[in-house]
Amino acid sequence: MISTENSTEGGTQTEANQVFPCSPSSVVGLQQQSIYFSAVHIFLSITAFLGNFLILAALNKESSLHPPSKLLYRCLATTDLLVGLVSQPLAATFWISLVHEHWSLCRYARGAFYISGIALCGVSLLTLTAISVDRLLALMLGIRYRQIVTLKRTRIITATFWVLCVAAGSFSVSHTRIILWCSIIVIPSCSVISIASYTKIFGTLRHNQAQVQDHVQQQPSQQNALNMVRYRKAVSSALWVQLALVVCYVPRFTVMAVITYRKTYPLHVFVIDAIAIILTYFNSTLNPLLYCWKIKEVRQAVKQTMRQALCFPWTSLGVDQA
């Protein structure tokens with residue numbers, strides 16, 4: 001509840017507004033905000049689901065990507081799709097139940113979207129780290145890359161990600177402090193691995209370019225040059241997705257750390273936390289836009305899929321004339 005303590009003469013006057021989720025204190029002064037938050041979650045749920053559904057359909061048609069790399073992008077798109085299909089509807093249910101004061105539904109919805117959010121965000125973070133390592137291995141291993149980075153090994157890695165993150169999500173409600181400490185270990189570790197991978201990649205590319213410029217007679221073949229251009233584009237797209245995740249996730253984990261440290265849940269922190277969660281889930285809507293912007297083959301496949309889904313008459317006419 002919201003507690004207020006007042007002292008009269010000779011004492012101090014303090015006022016502490018503390019919110020306990022899924023209780024009358026979480027409704028006071030938040031009816032209008034709850035409606036806005038639920039509407040935003042419903043909107044982002046639709047955009048995340050449709051966007052990532054198109055990406056998965058496009059990746060199914062795309063054949064230029066190495067199968068293990070494609071599997072990692074599929075895993076990332078699947079987590080984003082599930083955010084739109086599961087986590088955000090649960091978040092919207094949580095806010096709507098607050099407005100209507102359905103406390104039992106509120107508690108179940110809050111627990112469910114918290115568990116699913118921890119699991120799906122964890123898989124996204126680990127998968128993006130794996131993508132950065134995959135891009136580094138593609139550069140460092142050369143022709144041995146396809147022998148070492150196989151589809152079977154990548155499937156085992158992604159399956160491990162899912163098992164670990166689902167288990168972490170299941171413990172998140174009853175063992176909040178343990179999950180926080182795991183986050184303190186896992187998030188910096190993934191960040192360090194990703195930063196080290198991309199630093200090594202760009203350093204190696206710059207070194208190779210300098211060597212080529214110093215030895216003009218040793219210019220690479222046209223095919224190798226083309227592969228290097230394609231590789232640079234793949235690294236650039238992966239880096240943009242990584243940066244988007246950092247921007248969207250950092251506020252949420254910062255608020256979680258503040259809440260755990262203060263051991264209180266003031267009203268303004270409750271609102272800030274709600275906004276940080278929305279920003280985190282917005283990442284699932286943003287990723288499909290980044291794929292279409294940075295990966296030409298995916299963009300073309302998405303356009304083709306949309307034309308086929310909408311059944312434009314001039315599309316079939318153009319194909320028949322061709």
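Contact here means heavy atoms within 4.5 Å. On that criterion Thr204 touches Leu139 and Met140, leaving aside residues up to four places away in sequence. The model is predicted, so local features need pLDDT of at least 70, side-chain atom pairs count only at pLDDT 80 or more, and totals for chains, interfaces and linings use all residues. Residues are numbered from 1 along each chain as its sequence is written, and side-chain values use heavy atoms, without hydrogens and water.

Thr204 sits in helix 6 (residues 176-214). Helices are DSSP runs (H or I, at least four residues), numbered from the N terminus.

Helix 2 has 34 residues. Helix 2 has a kink of about 40° centred on Val83. That bend is the angle between axes fitted to the seven residues ending there and the seven starting there.

Glu101 follows helix 2, with a positive phi near 60°. Glu101 lies in the loop between helix 2 (67-100) and helix 3 (103-141).

Ile42 belongs to helix 1. The table gives accessibility classes: buried is under 20% relative accessible area, exposed over 50%, partly exposed in between (1.4 Å probe, protein chains only).

| Residue | Relative accessibility | Class |
|---|---|---|
| Thr204 | 15% | buried |
| Glu101 | 46% | partly exposed |
| Ile42 | 41% | partly exposed |

Notes
Helix = DSSP H or I, 4+ residues; strand = E, 2+ residues; numbered from the N terminus. Expected span 1.5 Å × (residues − 1).
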